[in-house]
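Here are a few notes to read alongside the model. Keep it open as you go through the points.

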Amino acid sequence: MDFTVSEEQSAIINSVDKFLAQNLSPLDQIQYDKKETAPYHLMPKMGELGLFGMPFPEKYKGSNTNWDTIGLIQEHMGEKAYMAASLLNRTLGFGGMAILEFGNNDQKDQLIPEIIAGKMLFSLALSEPGAGSDAGAIVTKASKISSNTWCIKGHKVWVSDAAESKYIIVACRTDPDSRGHKGISLFLVKPDTPGLVMTKTQKVGTNWMPSYELTFNDVELASEYLLGNENFGFTHLMTILHFARASMAASVSGLAQRAVNIALDHTKQRYQFGKPLSENQVIRHRLVDMQLRVDQSRLMAWYLAWMIKENKECLRYAAEAKVIATETLNFVTDAGMQILASAGYDSNSEMQRIWRDGRLYTFGEGANEIQRNIIAKEIFV
Ligand SMILES: Cc1cc2nc3c(=O)[nH]c(=O)nc-3n(C[C@H](O)[C@H](O)[C@H](O)COP(=O)(O)OP(=O)(O)OC[C@H]3O[C@@H](n4cnc5c(N)ncnc54)[C@H](O)[C@@H]3O)c2cc1C
């Protein structure tokens with residue numbers, strides 16, 4: 001395994017750095033959070049930088065970039081401007097890879113160029129009032145009402161960016177006699193489809209990524225919007241999960257590094273008892289513990305990205321990388337809030353935003369308890 005950052009990787013990182021410094025400063029991010037919106041308008045510019053084209057084959061004018069490079073860039077973006085990393089992750093992680101892996105030729109030809117151009121944000125509607133960690137408990141139904149029309153009826157919760165996305169990938173039960181993960185299909189639904197009603201959810205953090213409750217009142221959909229094979233939607237989602245996990249592990253490691261950097265700077269600048277906070281051994285050790293965790297998290301994210309690049313089975317390591325990165329983030333932001341004290345509690349502080357945002361990631365996108373169940377199954381053989 002080679003950890004050398006190549007000249008090509010450095011060049012991409014430098015151009016991403018320059019772009020983020022010009023377009024999405026920490027101050028800008030605080031403003032987006034307060035306005036409860038993300039910098040969606042930057043997506044086409046990110047497209048011009050080639051970011052959305054990274055995992056796609058050359059036949060779609062993608063750059064066929066390996067996941068170790070993608071991971072490096074996601075980590076870097078996580079540190080510099082997590083909001084941009086999140087837009088990239090969600091476009092590629094479950095939207096782009098879903099279209100690439102199990103979209104039909106028409107869907108690929110139509111959607112992949114738009115994804116690469118940064119004109120396509122996806123959201124995923126899986127969770128329901130009775131189906132959170134137990135995603136196999138979904139009851140939203142899609143029934144065939146003619147040979148080429150489906151009708152969706154049901155209720156989804158916590159759908160991030162549902163109103164802002166081009167397509168919502170909606171998981172529905174299509175086999176009424178099925179239970180659990182079987183008999184589920186995925187559909188591409190436009191947010192303005194008649195019969196679809198959205199209500200914005202008020203929340204503690206990630207305010208820049210609006211979340212919605214969705215009610216499907218007999219939403220009719222042409223069969224060309226079925227994504228993948230009928231009744232195999234959940235299996236499809238599982239086959240691309242490691243991309244989302246790798247994206248999260250990398251960018252959250254970067255975000256955790258940002259929290260450490262903020263705390264480190266603060267301890268050098270803040271004087272109490274006639275000396276900077278950084279001269280207190282207890283504070284130095286606390287920062288060392290924070291950095292230790294971030295370095296472990298980053299290494300795990302790199303390992304997972306390398307496994308994906310090498311096409312190795314990585315269910316266990318995807319779960320491990322997700323757990324380690326997200327718990328590292330909670331650890332370092334909790335410590336960061338203590339180190340910054342009142343300066344961190346100010347609503348204009350970056351630390352408090354990362355602390356609030358980060359609270360989501362240990363239970364979102366597959367709660368860590370469920371990840372531990374996956375790891376346990378793999379090690380108790
Ligand atoms: C801000 C935000 C954005 C979100 N965005 C989306 C989105 O875009 N699309 C989407 O579909 N969903 C989204 N979600 C939903 C998210 O995926 C769920 O919150 C997550 O799956 C956990 O489900 P739950 O909250 O219902 O918790 P529950 O499933 O009720 O779990 C509660 C607790 O019990 C634990 N637990 C549950 N079962 C077990 C078990 N068998 N063993 C041990 N522990 C267990 C969990 O780990 C958790 O700690 C979002 C949520 C939030 C808060």
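1. Domain 2 (122–232) and domain 3 (234–379) both contribute residues to the shell around the ligand, so the ligand lies between them. The domain bounds come from an automatic or database domain assignment. That assignment also gives domain 1 (7–116).

2. A word on the basis: this is a predicted model, where local features need pLDDT of at least 70, side-chain atom pairs count only at pLDDT 80 or more, and totals for chains, interfaces and linings use all residues. Residues are numbered from 1 along each chain as its sequence is written.

3. Around the ligand there are 20 residues, and Leu126, Gly132, Ser133, Ala367 and Glu369 come nearest (near means a C-beta atom, placed from the backbone, within 6 Å). Strand 1 (122–125), strand 3 (149–160) and helix 11 (368–379) are the elements giving two or more residues to this shell. Helices (H or I, at least four residues) and strands (E, at least two) are DSSP runs, numbered from the N terminus.

4. Sorted by class, the ligand shell holds nine nonpolar, nine polar and two charged residues. Here Ala, Val, Leu, Ile, Met, Phe, Trp, Tyr, Cys and Pro count as nonpolar, Asp, Glu, Lys and Arg as charged, and the others, Gly among them, as polar.

5. Now the two domains themselves: the C-alpha centres of domain 2 and domain 3 are 30 Å apart. Their contact takes 10 residues from domain 2 and nine residues from domain 3 (in contact means C-beta atoms, placed from the backbone, within 7 Å). On the domain 2 side, four of the residues are nonpolar, six are polar and none is charged.

Notes. Contact = placed C-beta atoms within 7 Å.
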